[in-house]
Amino acid sequence: MADTSFKLFGFEIRKSPTEDSKKKPSIVPARDDDGAGYVTAGGSYFGQYLNMDGSDAKDNHQLIMQYRGIATHPEVDMAIEDIVNESISASELQQNIDINLDAVEVSESIKKQIKEEFDNIYNMLDFSEYGHDIFKRWYIDGRLYHHLVVNESNLKAGIQEIRPIDASKIRKVKQIKKKKDPITGVDLVENVEEFYIFQDKPGSQTGGVKLTGDSVSYITSGLLDETRKKIVSHLHKALKPINQLRMMEDSLVIYRISRAPERRIFYIDVGNLPRGKAEQYMKDIMTRYRNKLVYDAQTGEIRDDRKHMSLLEDFWLPRREGGRGTEISTLPGGENLGQIDDIVYFQKKLYRSLNVPVNRLEQETQFSLGRSTEINRDELKFQKFIDRLRRRFAYLFYGILKKQLILKGIITEEDWNEWKNNISIDYVRDNHFTELRDAELLRERITMLDQMQNYVGEFFSKEYIYKNVLMFTDDKVENIKKQIEDEKKSGDIGDNESSSPDEQQ
(Lines give C-alpha, C1' and ligand atoms only; values in the text may rest on other atoms or scores of the structure.)
Protein backbone atom coordinates (compact mmCIF):
# COMPACT_ATOMS: atom_id res chain seq x y z
CA MET A 1 0.00 0.00 0.00
CA ALA A 2 1.63 3.19 -1.08
CA ASP A 3 1.89 6.10 1.29
CA THR A 4 0.49 8.44 -1.38
CA SER A 5 -3.00 6.98 -0.86
CA PHE A 6 -3.29 8.39 2.67
CA LYS A 7 -4.45 11.84 3.68
CA LEU A 8 -2.99 13.85 6.55
CA PHE A 9 -5.40 14.47 9.41
CA GLY A 10 -5.11 15.86 12.94
CA PHE A 11 -3.18 18.54 14.78
CA GLU A 12 0.54 18.66 15.48
CA ILE A 13 2.49 20.28 18.30
CA ARG A 14 5.39 22.12 16.73
CA LYS A 15 8.74 21.49 18.38
CA SER A 16 11.28 24.21 18.93
CA PRO A 17 14.26 24.43 16.49
CA THR A 18 16.64 23.81 19.38
CA GLU A 19 15.30 20.27 19.76
CA ASP A 20 16.04 19.46 16.11
CA SER A 21 19.60 20.73 16.54
CA LYS A 22 20.16 18.27 19.39
CA LYS A 23 19.80 15.24 17.07
CA LYS A 24 22.99 13.26 16.67
CA PRO A 25 23.91 11.18 13.61
CA SER A 26 23.43 7.41 13.87
CA ILE A 27 23.24 4.41 11.56
CA VAL A 28 20.23 2.95 13.45
CA PRO A 29 16.97 4.59 14.55
CA ALA A 30 16.10 5.14 18.20
CA ARG A 31 14.90 2.22 20.31
CA ASP A 32 11.37 1.18 19.37
CA ASP A 33 9.43 0.17 22.50
CA ASP A 34 5.93 0.75 21.13
CA GLY A 35 6.04 -1.93 18.43
CA ALA A 36 5.44 0.54 15.62
CA GLY A 37 8.24 -0.82 13.46
CA TYR A 38 10.23 1.11 10.89
CA VAL A 39 9.13 1.20 7.26
CA THR A 40 10.07 3.07 4.13
CA ALA A 41 7.78 4.92 1.78
CA GLY A 42 5.69 2.61 -0.42
CA GLY A 43 5.74 -0.24 2.11
CA SER A 44 2.67 -2.07 3.34
CA TYR A 45 1.62 -1.04 6.82
CA PHE A 46 -0.55 -4.07 7.56
CA GLY A 47 1.40 -6.75 5.71
CA GLN A 48 3.95 -7.66 8.38
CA TYR A 49 3.97 -11.36 9.26
CA LEU A 50 3.98 -12.62 12.83
CA ASN A 51 4.13 -16.31 13.62
CA MET A 52 4.85 -17.48 17.15
CA ASP A 53 4.03 -20.56 19.17
CA GLY A 54 0.27 -20.83 19.48
CA SER A 55 -0.42 -18.00 17.04
CA ASP A 56 -0.82 -18.01 13.27
CA ALA A 57 -1.76 -14.32 12.94
CA LYS A 58 -0.19 -12.57 9.97
CA ASP A 59 -0.77 -8.98 11.08
CA ASN A 60 -1.91 -6.90 14.03
CA HIS A 61 -5.57 -7.14 13.03
CA GLN A 62 -5.61 -10.94 13.08
CA LEU A 63 -3.56 -11.05 16.28
CA ILE A 64 -5.97 -8.73 18.11
CA MET A 65 -8.94 -10.74 16.86
CA GLN A 66 -7.24 -13.86 18.22
CA TYR A 67 -6.79 -12.23 21.63
CA ARG A 68 -10.43 -11.17 21.72
CA GLY A 69 -11.48 -14.69 20.75
CA ILE A 70 -9.68 -16.42 23.61
CA ALA A 71 -10.88 -13.72 26.04
CA THR A 72 -14.41 -15.11 25.65
CA HIS A 73 -13.37 -18.52 27.02
CA PRO A 74 -14.88 -18.89 30.54
CA GLU A 75 -11.58 -19.62 32.34
CA VAL A 76 -9.76 -16.78 30.57
CA ASP A 77 -12.62 -14.35 31.17
CA MET A 78 -12.65 -15.25 34.87
CA ALA A 79 -8.89 -14.62 35.11
CA ILE A 80 -9.20 -11.31 33.25
CA GLU A 81 -11.99 -10.19 35.56
CA ASP A 82 -9.79 -10.96 38.59
CA ILE A 83 -6.96 -8.87 37.13
CA VAL A 84 -9.14 -5.93 36.07
CA ASN A 85 -11.09 -5.86 39.34
CA GLU A 86 -7.85 -5.76 41.34
CA SER A 87 -6.37 -3.06 39.09
CA ILE A 88 -9.36 -0.70 38.86
CA SER A 89 -11.24 -0.51 42.15
CA ALA A 90 -14.59 1.21 42.19
CA SER A 91 -15.21 3.84 44.84
CA GLU A 92 -18.33 5.94 45.35
CA LEU A 93 -16.58 8.44 47.64
CA GLN A 94 -13.58 9.36 45.47
CA GLN A 95 -12.02 8.97 42.03
CA ASN A 96 -10.59 5.51 41.51
CA ILE A 97 -7.38 7.16 40.25
CA ASP A 98 -5.82 10.54 41.00
CA ILE A 99 -2.63 12.46 40.25
CA ASN A 100 0.12 12.97 42.83
CA LEU A 101 2.27 16.12 42.48
CA ASP A 102 3.89 16.13 45.93
CA ALA A 103 7.38 15.51 44.53
CA VAL A 104 7.12 18.19 41.82
CA GLU A 105 8.92 21.39 42.73
CA VAL A 106 6.60 24.01 41.25
CA SER A 107 4.24 26.69 42.55
CA GLU A 108 0.88 25.74 44.04
CA SER A 109 -0.97 27.64 41.31
CA ILE A 110 0.65 25.47 38.60
CA LYS A 111 -0.10 22.33 40.60
CA LYS A 112 -3.73 23.41 40.88
CA GLN A 113 -3.98 23.92 37.11
CA ILE A 114 -2.36 20.53 36.43
CA LYS A 115 -4.81 18.89 38.85
CA GLU A 116 -7.77 20.60 37.15
CA GLU A 117 -6.64 19.45 33.70
CA PHE A 118 -6.17 15.91 35.00
CA ASP A 119 -9.73 15.96 36.33
CA ASN A 120 -10.96 17.24 32.94
CA ILE A 121 -9.23 14.32 31.19
CA TYR A 122 -10.68 11.92 33.76
CA ASN A 123 -14.17 13.27 33.00
CA MET A 124 -13.68 13.28 29.20
CA LEU A 125 -12.76 9.60 29.39
CA ASP A 126 -15.76 9.10 31.72
CA PHE A 127 -13.36 6.92 33.68
CA SER A 128 -15.58 6.57 36.73
CA GLU A 129 -18.14 4.81 34.52
CA TYR A 130 -15.98 3.12 31.87
CA GLY A 131 -12.62 2.74 33.64
CA HIS A 132 -13.11 -1.01 34.04
CA ASP A 133 -13.90 -1.43 30.32
CA ILE A 134 -11.00 0.81 29.20
CA PHE A 135 -8.50 -1.14 31.28
CA LYS A 136 -9.94 -4.48 30.11
CA ARG A 137 -9.73 -3.42 26.46
CA TRP A 138 -6.09 -2.39 26.93
CA TYR A 139 -5.24 -5.64 28.73
CA ILE A 140 -6.84 -7.88 26.07
CA ASP A 141 -5.67 -6.05 22.92
CA GLY A 142 -2.22 -5.19 24.30
CA ARG A 143 -2.62 -1.61 23.03
CA LEU A 144 -5.05 1.27 23.40
CA TYR A 145 -5.77 4.15 21.00
CA HIS A 146 -7.76 7.35 21.54
CA HIS A 147 -8.37 10.20 19.12
CA LEU A 148 -7.79 13.59 20.73
CA VAL A 149 -10.33 15.97 19.21
CA VAL A 150 -9.38 19.66 19.21
CA ASN A 151 -10.55 22.87 17.60
CA GLU A 152 -7.77 23.32 15.06
CA SER A 153 -8.62 27.01 14.68
CA ASN A 154 -8.09 27.47 18.43
CA LEU A 155 -5.51 24.98 19.69
CA LYS A 156 -5.05 26.93 22.94
CA ALA A 157 -8.48 25.73 24.02
CA GLY A 158 -6.89 22.29 24.40
CA ILE A 159 -8.44 18.87 23.92
CA GLN A 160 -12.23 19.07 23.60
CA GLU A 161 -13.09 15.38 23.36
CA ILE A 162 -11.41 11.98 23.68
CA ARG A 163 -12.80 9.24 21.45
CA PRO A 164 -11.72 5.57 21.55
CA ILE A 165 -10.37 3.96 18.36
CA ASP A 166 -10.63 0.26 17.60
CA ALA A 167 -7.08 -1.07 18.02
CA SER A 168 -7.58 -3.54 15.15
CA LYS A 169 -8.13 -0.70 12.65
CA ILE A 170 -5.15 1.52 13.42
CA ARG A 171 -1.45 1.16 13.96
CA LYS A 172 1.56 3.38 14.55
CA VAL A 173 4.19 3.70 11.84
CA LYS A 174 7.68 5.17 11.95
CA GLN A 175 9.04 6.10 8.54
CA ILE A 176 12.77 6.71 8.39
CA LYS A 177 14.69 8.79 5.90
CA LYS A 178 18.39 8.05 5.44
CA LYS A 179 21.32 9.75 3.77
CA LYS A 180 24.87 8.62 3.00
CA ASP A 181 27.74 9.86 5.06
CA PRO A 182 30.18 11.49 2.59
CA ILE A 183 33.20 10.32 4.60
CA THR A 184 32.39 6.70 5.52
CA GLY A 185 29.70 5.99 2.92
CA VAL A 186 27.33 4.39 5.47
CA ASP A 187 23.63 5.21 5.63
CA LEU A 188 22.82 7.58 8.49
CA VAL A 189 19.33 8.16 9.88
CA GLU A 190 18.38 11.69 8.84
CA ASN A 191 14.81 11.87 10.06
CA VAL A 192 12.12 9.64 11.59
CA GLU A 193 8.51 10.57 10.90
CA GLU A 194 5.89 9.14 13.26
CA PHE A 195 2.24 8.89 12.29
CA TYR A 196 -0.78 6.59 12.53
CA ILE A 197 -2.64 4.77 9.77
CA PHE A 198 -6.38 4.25 10.23
CA GLN A 199 -8.30 1.91 7.91
CA ASP A 200 -11.91 0.88 8.33
CA LYS A 201 -11.04 -2.43 6.64
CA PRO A 202 -7.46 -3.30 7.66
CA GLY A 203 -5.34 -4.75 4.88
CA SER A 204 -7.59 -3.52 2.09
CA GLN A 205 -6.16 -1.71 -0.91
CA THR A 206 -8.43 1.30 -0.45
CA GLY A 207 -7.01 4.53 0.95
CA GLY A 208 -6.99 5.21 4.66
CA VAL A 209 -6.39 8.18 6.90
CA LYS A 210 -2.93 9.26 8.00
CA LEU A 211 -3.14 10.78 11.49
CA THR A 212 -0.47 12.96 13.03
CA GLY A 213 1.36 11.59 16.04
CA ASP A 214 0.04 14.27 18.41
CA SER A 215 -3.63 13.72 17.52
CA VAL A 216 -3.66 10.15 18.85
CA SER A 217 -3.08 8.80 22.35
CA TYR A 218 -1.32 5.43 22.21
CA ILE A 219 -0.20 3.11 25.00
CA THR A 220 0.93 -0.51 24.83
CA SER A 221 1.30 -3.47 27.14
CA GLY A 222 5.06 -2.97 27.09
CA LEU A 223 5.55 -6.60 25.98
CA LEU A 224 7.43 -7.36 22.77
CA ASP A 225 7.91 -10.57 20.82
CA GLU A 226 11.27 -12.29 20.49
CA THR A 227 12.24 -10.04 17.57
CA ARG A 228 11.59 -6.95 19.73
CA LYS A 229 9.51 -5.49 16.89
CA LYS A 230 5.92 -6.47 17.65
CA ILE A 231 3.69 -5.58 20.57
CA VAL A 232 1.92 -8.57 22.09
CA SER A 233 -0.81 -8.73 24.70
CA HIS A 234 -0.56 -10.19 28.19
CA LEU A 235 -2.85 -12.91 26.80
CA HIS A 236 -0.21 -14.05 24.29
CA LYS A 237 1.31 -16.50 26.78
CA ALA A 238 -2.13 -18.08 27.15
CA LEU A 239 -2.64 -18.86 23.44
CA LYS A 240 -1.08 -22.32 23.61
CA PRO A 241 -2.53 -23.34 27.03
CA ILE A 242 -6.04 -22.28 26.02
CA ASN A 243 -5.83 -24.26 22.76
CA GLN A 244 -4.63 -27.31 24.69
CA LEU A 245 -7.42 -26.90 27.24
CA ARG A 246 -10.04 -26.64 24.51
CA MET A 247 -8.77 -29.81 22.81
CA MET A 248 -8.75 -31.72 26.09
CA GLU A 249 -12.27 -30.59 26.92
CA ASP A 250 -13.57 -31.52 23.47
CA SER A 251 -11.87 -34.92 23.55
CA LEU A 252 -13.27 -35.56 27.03
CA VAL A 253 -16.82 -34.82 25.86
CA ILE A 254 -16.44 -37.02 22.79
CA TYR A 255 -14.99 -39.88 24.84
CA ARG A 256 -17.75 -39.69 27.44
CA ILE A 257 -20.52 -39.62 24.87
CA SER A 258 -19.10 -42.54 22.91
CA ARG A 259 -17.96 -44.69 25.85
CA ALA A 260 -20.44 -43.90 28.61
CA PRO A 261 -23.35 -46.25 27.69
CA GLU A 262 -23.15 -50.02 27.71
CA ARG A 263 -23.95 -51.50 24.34
CA ARG A 264 -25.15 -54.96 23.35
CA ILE A 265 -23.46 -57.04 20.68
CA PHE A 266 -25.71 -59.43 18.72
CA TYR A 267 -23.88 -62.28 16.95
CA ILE A 268 -26.40 -63.63 14.35
CA ASP A 269 -25.83 -67.06 12.84
CA VAL A 270 -26.31 -66.70 9.05
CA GLY A 271 -25.21 -70.26 8.17
CA ASN A 272 -24.04 -70.64 4.56
CA LEU A 273 -26.14 -67.85 3.10
CA PRO A 274 -24.51 -65.77 0.36
CA ARG A 275 -23.29 -62.32 1.30
CA GLY A 276 -26.28 -60.42 -0.14
CA LYS A 277 -28.86 -62.72 1.47
CA ALA A 278 -26.91 -62.71 4.75
CA GLU A 279 -27.09 -58.91 4.90
CA GLN A 280 -30.81 -58.96 4.14
CA TYR A 281 -31.37 -61.55 6.82
CA MET A 282 -29.47 -59.37 9.32
CA LYS A 283 -31.62 -56.36 8.48
CA ASP A 284 -34.81 -58.40 8.92
CA ILE A 285 -33.67 -59.57 12.35
CA MET A 286 -32.73 -55.99 13.37
CA THR A 287 -36.09 -54.63 12.23
CA ARG A 288 -38.02 -57.40 13.96
CA TYR A 289 -36.37 -57.36 17.39
CA ARG A 290 -34.91 -53.91 17.79
CA ASN A 291 -37.16 -51.09 18.94
CA LYS A 292 -36.09 -47.55 19.79
CA LEU A 293 -38.37 -45.85 22.29
CA VAL A 294 -38.32 -42.07 22.01
CA TYR A 295 -39.91 -39.59 24.42
CA ASP A 296 -41.51 -36.59 22.70
CA ALA A 297 -41.14 -33.60 25.03
CA GLN A 298 -43.71 -31.54 23.09
CA THR A 299 -46.57 -34.04 23.16
CA GLY A 300 -45.53 -36.11 26.17
CA GLU A 301 -45.91 -39.33 24.18
CA ILE A 302 -43.55 -42.30 23.94
CA ARG A 303 -43.30 -43.63 20.42
CA ASP A 304 -41.48 -46.47 18.73
CA ASP A 305 -38.91 -44.84 16.44
CA ARG A 306 -37.27 -47.47 14.23
CA LYS A 307 -34.24 -45.97 12.54
CA HIS A 308 -30.86 -47.06 11.29
CA MET A 309 -28.26 -48.02 13.89
CA SER A 310 -26.33 -45.03 15.32
CA LEU A 311 -22.98 -44.76 17.11
CA LEU A 312 -24.46 -45.22 20.60
CA GLU A 313 -26.73 -48.14 19.86
CA ASP A 314 -26.29 -51.90 19.60
CA PHE A 315 -23.94 -53.78 17.27
CA TRP A 316 -25.27 -56.55 14.98
CA LEU A 317 -22.59 -58.87 13.60
CA PRO A 318 -23.06 -61.96 11.34
CA ARG A 319 -21.51 -65.30 12.26
CA ARG A 320 -20.82 -68.05 9.72
CA GLU A 321 -21.61 -71.75 9.99
CA GLY A 322 -19.08 -73.70 12.01
CA GLY A 323 -18.84 -71.13 14.73
CA ARG A 324 -21.02 -70.75 17.74
CA GLY A 325 -24.73 -70.04 17.34
CA THR A 326 -26.59 -66.79 17.88
CA GLU A 327 -25.22 -64.99 20.93
CA ILE A 328 -25.87 -61.73 22.78
CA SER A 329 -23.09 -60.12 24.83
CA THR A 330 -22.46 -56.73 26.45
CA LEU A 331 -19.76 -54.16 25.64
CA PRO A 332 -18.97 -52.34 28.90
CA GLY A 333 -18.75 -48.56 29.06
CA GLY A 334 -15.67 -46.55 29.89
CA GLU A 335 -14.28 -47.07 33.39
CA ASN A 336 -12.38 -43.79 33.96
CA LEU A 337 -15.10 -41.33 32.98
CA GLY A 338 -14.85 -39.46 36.27
CA GLN A 339 -11.16 -38.64 35.95
CA ILE A 340 -10.53 -35.02 34.91
CA ASP A 341 -7.02 -34.57 36.29
CA ASP A 342 -5.68 -33.62 32.86
CA ILE A 343 -8.37 -30.93 32.50
CA VAL A 344 -7.48 -29.48 35.91
CA TYR A 345 -3.79 -29.52 34.97
CA PHE A 346 -4.36 -27.42 31.86
CA GLN A 347 -6.65 -25.06 33.77
CA LYS A 348 -3.89 -24.43 36.30
CA LYS A 349 -1.38 -24.03 33.49
CA LEU A 350 -3.65 -21.42 31.91
CA TYR A 351 -3.93 -19.48 35.18
CA ARG A 352 -0.17 -19.57 35.66
CA SER A 353 0.33 -18.19 32.16
CA LEU A 354 -1.91 -15.24 33.12
CA ASN A 355 -0.08 -14.67 36.46
CA VAL A 356 -3.27 -15.32 38.44
CA PRO A 357 -2.97 -17.35 41.68
CA VAL A 358 -4.11 -20.91 41.06
CA ASN A 359 -6.13 -20.99 44.30
CA ARG A 360 -8.52 -18.45 42.72
CA LEU A 361 -9.48 -21.17 40.26
CA GLU A 362 -10.84 -23.29 43.12
CA GLN A 363 -14.19 -21.71 43.83
CA GLU A 364 -14.78 -23.84 46.92
CA THR A 365 -11.76 -22.26 48.65
CA GLN A 366 -13.02 -19.78 51.23
CA PHE A 367 -11.51 -16.28 51.26
CA SER A 368 -10.20 -15.21 54.66
CA LEU A 369 -8.02 -12.42 55.98
CA GLY A 370 -5.51 -13.52 58.57
CA ARG A 371 -1.90 -13.03 59.55
CA SER A 372 0.62 -12.48 56.81
CA THR A 373 2.18 -15.86 57.58
CA GLU A 374 -1.10 -17.40 56.44
CA ILE A 375 -1.22 -15.37 53.21
CA ASN A 376 -0.40 -17.25 50.05
CA ARG A 377 2.83 -16.06 48.50
CA ASP A 378 1.15 -16.18 45.10
CA GLU A 379 -1.20 -13.43 46.25
CA LEU A 380 1.73 -11.13 47.04
CA LYS A 381 3.28 -11.89 43.65
CA PHE A 382 -0.10 -11.19 42.07
CA GLN A 383 -0.25 -7.80 43.79
CA LYS A 384 3.19 -6.91 42.41
CA PHE A 385 1.98 -7.90 38.95
CA ILE A 386 -1.07 -5.63 39.42
CA ASP A 387 1.24 -2.76 40.44
CA ARG A 388 3.24 -3.21 37.22
CA LEU A 389 0.05 -3.14 35.16
CA ARG A 390 -1.07 0.03 36.91
CA ARG A 391 2.22 1.79 36.29
CA ARG A 392 2.05 0.89 32.60
CA PHE A 393 -1.59 1.90 32.24
CA ALA A 394 -0.84 5.29 33.84
CA TYR A 395 0.89 6.30 30.58
CA LEU A 396 -2.61 6.79 29.16
CA PHE A 397 -3.03 9.81 31.44
CA TYR A 398 0.59 10.96 31.21
CA GLY A 399 0.47 11.22 27.41
CA ILE A 400 -2.89 13.02 27.22
CA LEU A 401 -2.06 15.32 30.15
CA LYS A 402 1.25 16.34 28.57
CA LYS A 403 -0.44 17.36 25.31
CA GLN A 404 -3.24 19.16 27.14
CA LEU A 405 -0.88 21.22 29.29
CA ILE A 406 1.34 22.16 26.33
CA LEU A 407 -1.63 23.07 24.12
CA LYS A 408 -3.06 25.37 26.79
CA GLY A 409 0.32 26.93 27.46
CA ILE A 410 0.40 25.97 31.13
CA ILE A 411 3.85 24.36 30.80
CA THR A 412 6.44 23.80 28.10
CA GLU A 413 7.78 20.48 26.85
CA GLU A 414 11.05 21.19 28.70
CA ASP A 415 9.07 21.56 31.94
CA TRP A 416 7.34 18.23 31.36
CA ASN A 417 10.62 16.43 30.67
CA GLU A 418 11.97 17.85 33.93
CA TRP A 419 8.95 16.90 36.06
CA LYS A 420 7.67 13.67 34.46
CA ASN A 421 9.65 11.36 36.74
CA ASN A 422 8.17 13.06 39.82
CA ILE A 423 4.54 12.88 38.66
CA SER A 424 2.69 9.73 39.69
CA ILE A 425 -0.80 8.27 39.45
CA ASP A 426 -2.44 6.94 42.63
CA TYR A 427 -4.99 4.13 42.43
CA VAL A 428 -7.66 3.21 44.95
CA ARG A 429 -6.58 -0.09 46.49
CA ASP A 430 -8.68 -2.89 47.90
CA ASN A 431 -6.19 -5.76 47.93
CA HIS A 432 -5.71 -6.33 51.66
CA PHE A 433 -2.84 -8.79 51.46
CA THR A 434 -0.17 -6.11 51.08
CA GLU A 435 -1.82 -4.03 53.79
CA LEU A 436 -1.84 -7.01 56.18
CA ARG A 437 1.81 -7.69 55.50
CA ASP A 438 2.80 -4.07 56.22
CA ALA A 439 0.67 -3.98 59.38
CA GLU A 440 2.29 -7.11 60.76
CA LEU A 441 5.77 -5.81 59.98
CA LEU A 442 5.00 -2.61 61.88
CA ARG A 443 3.58 -4.62 64.79
CA GLU A 444 6.72 -6.75 65.02
CA ARG A 445 8.96 -3.67 64.92
CA ILE A 446 7.02 -1.99 67.73
CA THR A 447 7.25 -5.17 69.82
CA MET A 448 11.01 -5.27 69.28
CA LEU A 449 11.22 -1.56 70.15
CA ASP A 450 9.50 -2.20 73.51
CA GLN A 451 11.93 -5.00 74.31
CA MET A 452 15.00 -2.87 73.49
CA GLN A 453 14.04 0.29 75.42
CA ASN A 454 16.06 -0.70 78.52
CA TYR A 455 19.20 -1.15 76.42
CA VAL A 456 19.10 2.18 74.54
CA GLY A 457 22.11 4.29 75.47
CA GLU A 458 24.00 1.28 76.88
CA PHE A 459 24.19 -1.29 74.10
CA PHE A 460 22.25 0.43 71.27
CA SER A 461 22.23 4.01 70.09
CA LYS A 462 19.08 5.94 69.22
CA GLU A 463 20.31 6.19 65.64
CA TYR A 464 20.60 2.40 65.51
CA ILE A 465 16.98 2.09 66.71
CA TYR A 466 15.76 4.47 64.02
CA LYS A 467 17.68 2.85 61.18
CA ASN A 468 17.72 -0.89 62.02
CA VAL A 469 14.61 -1.49 64.13
CA LEU A 470 12.06 1.01 62.82
CA MET A 471 13.74 0.98 59.39
CA PHE A 472 13.37 4.76 58.94
CA THR A 473 15.27 6.68 56.28
CA ASP A 474 17.14 9.88 57.13
CA ASP A 475 14.36 12.04 55.70
CA LYS A 476 11.70 10.13 57.60
CA VAL A 477 13.63 10.47 60.87
CA GLU A 478 13.79 14.24 60.43
CA ASN A 479 10.10 14.45 59.52
CA ILE A 480 9.07 12.35 62.54
CA LYS A 481 11.12 14.50 64.94
CA LYS A 482 9.69 17.69 63.44
CA GLN A 483 6.12 16.41 63.67
CA ILE A 484 6.60 15.43 67.33
CA GLU A 485 8.01 18.87 68.19
CA ASP A 486 5.17 20.63 66.38
CA GLU A 487 2.54 18.52 68.17
CA LYS A 488 4.17 19.19 71.55
CA LYS A 489 4.15 22.92 70.87
CA SER A 490 0.52 22.85 69.80
CA GLY A 491 -0.44 20.79 72.86
CA ASP A 492 -1.73 17.80 70.90
CA ILE A 493 0.55 15.48 72.93
CA GLY A 494 2.26 15.82 76.27
CA ASP A 495 5.90 15.24 77.16
CA ASN A 496 5.10 11.81 78.56
CA GLU A 497 3.18 10.76 75.43
CA SER A 498 6.04 11.13 73.00
CA SER A 499 6.85 7.93 71.12
CA SER A 500 10.31 9.00 70.02
CA PRO A 501 13.28 7.06 71.43
CA ASP A 502 14.92 10.45 72.17
CA GLU A 503 12.27 11.27 74.76
CA GLN A 504 11.73 7.76 76.11
CA GLN A 505 15.29 7.26 77.31
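User: Which residues of helix α13 (residues 462–469) are called buried, and why do they line one face?

Analyst: In helix α13 the buried residues are Ile465, Tyr466 and Val469, where buried means under 20% relative accessible area, exposed over 50% and partly exposed in between, with a 1.4 Å probe and protein chains only. Seen down the axis of α13, these buried residues fall within an arc of 115°, so they line one face of the helix; the arc is that of the directions from the helix axis to the C-beta atoms. This is a predicted model, in which local features need pLDDT of at least 70, side-chain atom pairs count only at pLDDT 80 or more, and totals for chains, interfaces and linings use all residues. Residues are numbered from 1 along each chain as its sequence is written, and side-chain values use heavy atoms, with hydrogens and water left out.

User: What makes strand β4 (residues 143–150) largely enclosed?

Analyst: Eight of the eight residues of β4 are buried, so the strand is largely enclosed by the rest of the structure. Both faces are covered, with Arg143, Tyr145, His147 and Val149 buried on one side and Leu144, His146, Leu148 and Val150 buried on the other.

User: Why is β4 said to pair with β5 (residues 159–165)?

Analyst: Two strands pair if DSSP finds at least two bridges between them, and six bridges join β4 to β5, the two running antiparallel.

Conventions: Helix = DSSP H or I, 4+ residues; strand = E, 2+ residues; numbered from the N terminus.
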